[in-house]
Amino acid sequence: MMARFLVVLIVAVVLLILLIVRAHFHPVLALFICGMLAGLGFGYDLETTATVFTTGFGNTMTSIACTIIFGSIIAQGIRDTGGVKSMVNFFINLFHGKCLELSTALAAFIMSIPVFGDITQVLLSPIASMLAKRKHISMSTMGGFTLLTASLTHAIVPPTPGILAVAVLLEADLGLVILWGIVVSLIAFLITWALGKGVVAKEWIEPRADYIVGVEEVESDDYHELLIKEEGLPNVLMAMAPILVPAIIIAASSFVDMYAAEDSMLAIVFSGIGNRNVALFIGVLLTFLNGILGKDKVIENYKFYTGKEEKSLVKIMCNNWIGEACAVALIPLLVTGMGGGFSQIIKNYDSVHEGFNTALGTAVANSGIPVMLVPFLIGAVMMIAVGSRTTAGMTAAAICLPMMGQLGLSAVAITLLIGCGTMIGSHVSDSGFWVGTSMYNLNTSQGLKYITLLGSVCGVICFIIAAILLMIGIL
């Protein structure tokens, strides 16, 4: 029973890697093929395999689809209202123009909580390039740390699709995953930045020429000269509200659920608004409010980003934003859903071979490997292999699920450890790697230093912080 499971699982994972990396199959098709073959290898008949896979696909889509779509709508709104520029200005003011890379890095940290990391890069890379030119800072610094934070919250903090799906699969408390994910990732970033800023700055890399047309270096020490001066930018609190309010509501809901009386008004209210779909829709409504308050800015930016002339604010917000958001969300949704199907095939093995989960968990627990290393290493290996945080996280969660009882770790801890692992080894098989190198004017060698290596170091630091929280009993 054990040998069969391990052989089939290893073959399925290796095949998944080969199909994606070597044969260049799309992850949607690769996950379906490997999931179906794994089911047959486990001894399910064809009909059962198809049923189990589609059940996992459906359950995953039910859990995450609305959340991901709402996050994409928020991204469209932040783009057109100019919210991301307000965030960058806020951090420039906060640090008085010092450590300028923190302005875009911390904006990316916030942006990537509900928004795909690649979209964050598209919005922030021109700003990072402009600031780099104005203050004569290498793109190794501006790009490296901005890419890092976008990857961090993408990997560790829901409701980004991959880690959200991991949390749902493992039945982790989403509010606690968000809370501790933010804590772990922010501390890890600050440590990585403090240790690495001097090393990263040693290589000079120019910004992309097309991003800095007409931009001149600022000679003055007045940091106000660095601010993005545009009419109609939203207040920074309003700019951040569509992102932070849903995260705060979901996290607060977890604490209300733990400490408030079940029939109290507080518990009743938060049981409704604390639902991740409701919370994210509140974020959408706040995005619409920002659009209404900045009507002229939205119409101007929509034309700039899309090339389309549209004078109706209602049509932009209630039609065009939605259509574009759905188009952006489609591929991540399908990849995550297929990952859920693949995971369900693995999860179902215990129902066919009763007692298997206990046996597997006991074997791992007796192997001598520190239990907290298991989810982290599986996440890291899968990320290095397949180059997709969503696929890596979902596969790692499926492998960890049968042994959760014997690992003795909470679902929140396992979710975060897997997320930390997926920070390791983003390289040439990761589409985000190429987005980052293109947007920040890095060649492949530079990408390996300022994306792969920097991200991996930060992933290890994330693991150490999570391990400390585990050892003192917080996670």
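Reader: So buried means under 20% relative accessible area, exposed means over 50%, and partly exposed is in between (1.4 Å probe, protein chains only). Which is glutamate 324, then, buried or exposed?

Author: Glutamate 324 counts as buried, at 18% relative accessibility. Before we go on: this is a predicted model, where local features need pLDDT of at least 70 and side-chain atom pairs count only at pLDDT 80 or more, while totals for chains, interfaces and linings use all residues. Residues are numbered from 1 along each chain as its sequence is written, and side-chain values use heavy atoms, with hydrogens and water left out.

Reader: Got it. What does glutamate 324 form a salt bridge with?

Author: Its partner is arginine 79, with the closest N and O atoms 3.2 Å apart. A salt bridge here is a side-chain nitrogen of Lys or Arg within 4 Å of a carboxyl oxygen of Asp or Glu. Glutamate 324 sits in helix α14 and arginine 79 in helix α3, so the pair ties together parts that are 245 residues apart in sequence. Helices are DSSP runs (H or I, at least four residues), numbered from the N terminus.

Reader: And arginine 79, is that buried or exposed?

Author: Arginine 79 is buried, at 13% relative accessibility. Arg79 also belongs to a network of salt bridges that links it with Asp80 and Glu324.

Reader: How many salt bridges are there in the whole structure?

Author: The search finds nine. One of them joins lysine 85 and glutamate 230, at 2.6 Å from N to O. That pair links distant parts of the chain, 145 residues apart: lysine 85 is in helix α4 (residues 83-94), and glutamate 230 is in the loop between α9 (174-200) and α10 (236-259). Lysine 85 is buried at 15% relative accessibility, whereas glutamate 230 is partly exposed at 29%.

Reader: What about glutamate 309, what does that meet?

Author: Glutamate 309 meets lysine 311 in a salt bridge, 3.2 Å from N to O. Glutamate 309 is partly exposed, with a relative accessible area of 48%, and lysine 311 is exposed, at 60%.

Reader: Which charged residue is buried yet has no salt bridge?

Author: Arginine 134, in helix α6, is one. The nearest side chain of opposite charge is glutamate 225, 7.4 Å away. For charge, Lys and Arg count as positive and Asp and Glu as negative, with His and the chain ends not counted.

Reader: What does arginine 134 touch, then?

Author: Leaving aside neighbours within four places in sequence, arginine 134 is in contact with Val215, Glu216, Glu217, Val218, Glu225, Leu226 and Leu227. Contact means heavy atoms within 4.5 Å.

Reader: Where is cysteine 326?

Author: Cysteine 326 is in helix α14, and it is partly exposed at 35% relative accessible area.

Reader: Okay, the inside. How many residues has the largest nonpolar core?

Author: It has 163 residues, and those with the most contacts inside it are Phe42, Ile156, Leu170, Phe189 and Leu475. A nonpolar core is a set of buried Ala, Val, Leu, Ile, Met, Phe, Trp, Tyr and Cys residues joined through side-chain atoms within 4.5 Å. Not counting residues up to four places away in sequence, leucine 475 touches Trp180, Ser410, Val412, Ala413, Leu416, Ala466, Leu469 and Leu470.

Reader: Last one: what do the buried residues of α13 pack against?

Author: They pack against α3 (46-81), α12 (276-293) and α14 (313-347). The buried residues are Lys297, Val298, Ile299, Asn301 and Tyr302. Helix α13 (residues 295-306) has twelve residues and reaches 16 Å from first C-alpha to last, close to the 16 Å expected at 1.5 Å a residue; that expected span is 1.5 Å times one less than the number of residues. Just after α13, glycine 307 takes a positive phi of about 75°.

Definitions and conventions:
Helices (H or I, at least four residues) and strands (E, at least two) are DSSP runs, numbered from the N terminus.
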